[in-house]
Amino acid sequence: MTRHYNITANIFAPIAIWSAAVITMAQGPPKVLVAVSPAIEREVIAGQTFVGTVMPLRTAIVGSAVDGRVVEYPLDEGMRVESGQMLAQLLTETIQLELAAAEGELELRRQALAELENGTRPAELEQAKARMVAAQARWQYAQARRTRADNLFRQGQAMSEEERDEMIALAVEGEQAYLDAKAAYALAVEGPRKEQIAQAKAQVAVQQATVDRLNDQLAKHTIISRFAGYVTAEHTEVGQWVKQGDPVAEVAALDEVEVVAQVVEQYVPHIRVGMTVSVQIPAIPGQMFSGVVSAIVPQADVQARTFPVKVRVKNQLIEKEPLVKSGMYARVMLPTGNKQMATLVFKDALVLGGPQPLVYVVDAAPDAKQGKVRPVSVQLGVAEGNMIQVSGVEPGQIVVVQGNERLRPGQDVQIQRVVPPSPAVSRSDSGVSR
C-alpha cells in the first residue's frame, strides 16, 4: 500500500505558527478593559482628620447568677461565641432530681384537676342510680313488713311488741338508706362543685410555680453569652467553685465596631449623628472603611476641651476572625464647617495598600476609547456619599473606577464604560453642602 505525505504542509506549518506569534508580540499585550469616571469639582464642607481608637460595640463581663462548681468551660481567649452559646456549665445533679420530683407532683395534680373537670362518668351514674333503686326496693319491702306487723299487733295475733318495734326500725333504716342513695345519685348527676375545681387549679398553679423556679435555677447554672462576640478574657476553669456574681468570661462584640475620636469643641457643632464619614486604619493599609456617626457624647474632657465622637463601622469577618480589632489606631475624617471647593472622585477609584492612597489617571484624547494609565498619589478628605475628596487630581481628569486593581503604570487600557459622577447629597447625610 502506497502512502502519500503533504510535504509542503509539514514544512510550512511551524513557519505559520511562528509568524502568528511574531504578529501578536508586535501588537503588544491585550488592553485591559476598564470603567472610568471624571473627577469633579464641587463645594463641600472642609474636613479634618481626627485620631481615634477602635472600640467594641459592646463589652460584657459575664458573671455567674448562682453559686456552683464549674464542670464545663469550653472557652479560649479569641474564640467566637454566638448569642445564647454556653460559656460555662455548673453542677446541676441535685436540682435535676428536685425538678423531676416536682414535675411528677405537677402531673399528679393536673390529672386530679382533669378528673374533676370531666365530671362523673356515665358508668358511675348508672352505678349510683342502681344503688338508689336497690335502696328504694329494700325500703319498700321493710315498709310492707312494718305494715303487716302493725296489723297483726292490733289484731292481737302472734306478734309481740318487740317484734313490731324491730319492723318499725327496719323500715326507718331502709328509708334513710334510700334517701342516702338518692342524694348520692343527685351529687353524681350534678358533678364536682366549682369550689373543688378552683382548689385543684390553685394546687396545679402552686406546683407549676415550683417547677418554674427549679427550671429557672437550672437555667442559671448554664452561663451563656447574651450577644455574638469574641472572648477577650477568661476568669475561671473547670473544677473551680464560683459564687453568685463572680466573673466567668469577658465577651466583646466586634461584628460592628465604634471608632471613638476626640474632637475639639469648635468643630463639634458641624458634626451630626447619621453623617457618613471615611475611616482609615493604618494597621490595615489595603482598605478604607466607611462609617456612620452614631453618637456625640455631650460631656467634654474639661482639660482638653474635646468631645468623644463615636463612628460606627461594619467589620469584616475573615474565617470568623474580625479584620478590625479592638484597640486599633484609626484616623477619622470629620467635617469642620468651612466651605471650600474640592475635587471629588468615586471611592472605588482609590487603590490602597501602599504607603499612600493613589488613583489611576487615564491619559487620552477627549472621547477616546483607549489610552495609557499613570498612578497619582492623593490625599483624602471628606466623604460625600460614594465619592470622596482628593488632592493631587485636577477636575475633569479621567480616573479608573473599575479594573484598577490589576493595572500597572503606563499600561494601555480600553475604556469600556464611563460612569457619571454621583449627585450631591444633603449635609445631614455626609457633612457636605449642595
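Author: Begin with burial: a residue counts as buried when its relative accessible area is under 20%. The model here is predicted. His221 has 5% relative accessibility, so His221 counts as buried.

Reader: Where is His221 found?

Author: His221 sits in the loop between α5 and β6.

Reader: Which residues is His221 in contact with, leaving aside its neighbours within four places in sequence?

Author: With those neighbours left aside, the contacts of His221 are Val66, Asp67, Ala88, Gln89, Leu90, Leu91, Thr92 and Ile95.

Reader: How many residues has helix α5, and how far does the helix reach?

Author: Helix α5 covers residues 194–220, which is 27 residues. From its first C-alpha to its last, α5 reaches 39 Å, close to the 39 Å expected at 1.5 Å a residue. Its buried residues are Ile197, Ala200, Val204, Gln207, Val211, Leu214 and Leu218. These buried residues of α5 pack against α2 (93–118) and β6 (222–224).

Reader: Which residues touch the most other members of the largest nonpolar core?

Author: That core has 29 residues, and Val279, Ile281 and Leu334 touch the most other members. Two or more residues each come from β2 (40–63), β9 (247–264), β10, β11 (289–296), β12 (306–314) and β15. The most come from β9, which gives five residues to this core. As for Val279, leaving aside its neighbours within four places in sequence, its contacts include Val259, Phe289, Val311 and Val332. A second, separate core has 25 residues, among them Ala39, Leu350, Val393 and Val419.

Reader: How does one look for empty space?

Author: Rolling a probe the size of a water molecule over the atoms shows where empty space is left. In this structure, a search of the whole finds one cavity of 30 Å³ or more. The largest cavity holds about 70 Å³ of space.

Reader: Which residues line the largest cavity?

Author: The lining is made of Thr49, Ser278, Gln280, Arg331, Val332, Met333, Leu380 and Gly381. By class, three of these are nonpolar, four polar and one charged. At least two lining residues each come from β10 (276–280), β15 (329–346) and β18 (379–384). The most come from β15, with three residues.

Reader: What volume has the largest pocket?

Author: The volume of the largest pocket is about 320 Å³. It is lined by 17 residues, of which Gln280, Arg331, Pro355, Gln356 and Pro357 are the closest to its centre. The lining of the largest pocket has nine nonpolar, seven polar and one charged residues.

Definitions and conventions:
Residues are numbered from 1 along each chain as its sequence is written. This is a predicted model: local features need pLDDT of at least 70, side-chain atom pairs count only at pLDDT 80 or more; totals for chains, interfaces and linings use all residues. Side-chain values use heavy atoms; hydrogens and water are left out. On a 1 Å grid over the protein atoms alone, a cavity is a set of points where a 1.4 Å probe fits but cannot get out, and a pocket is an open set with protein on both sides within 12 Å along at least five of seven lines; lining residues have an atom within 4 Å of a point. Grid points are joined across faces, edges and corners, and a volume is the space filled by probe spheres set on the points. Ala, Val, Leu, Ile, Met, Phe, Trp, Tyr, Cys and Pro count as nonpolar, Asp, Glu, Lys and Arg as charged, and the others, Gly among them, as polar. Helices (H or I, at least four residues) and strands (E, at least two) are DSSP runs, numbered from the N terminus. The expected span of a helix is 1.5 Å times one less than its number of residues. Buried means under 20% relative accessible area, exposed over 50%, partly exposed in between (1.4 Å probe, protein chains only). Contact means heavy atoms within 4.5 Å. A nonpolar core is a set of buried Ala, Val, Leu, Ile, Met, Phe, Trp, Tyr and Cys residues joined through side-chain atoms within 4.5 Å.
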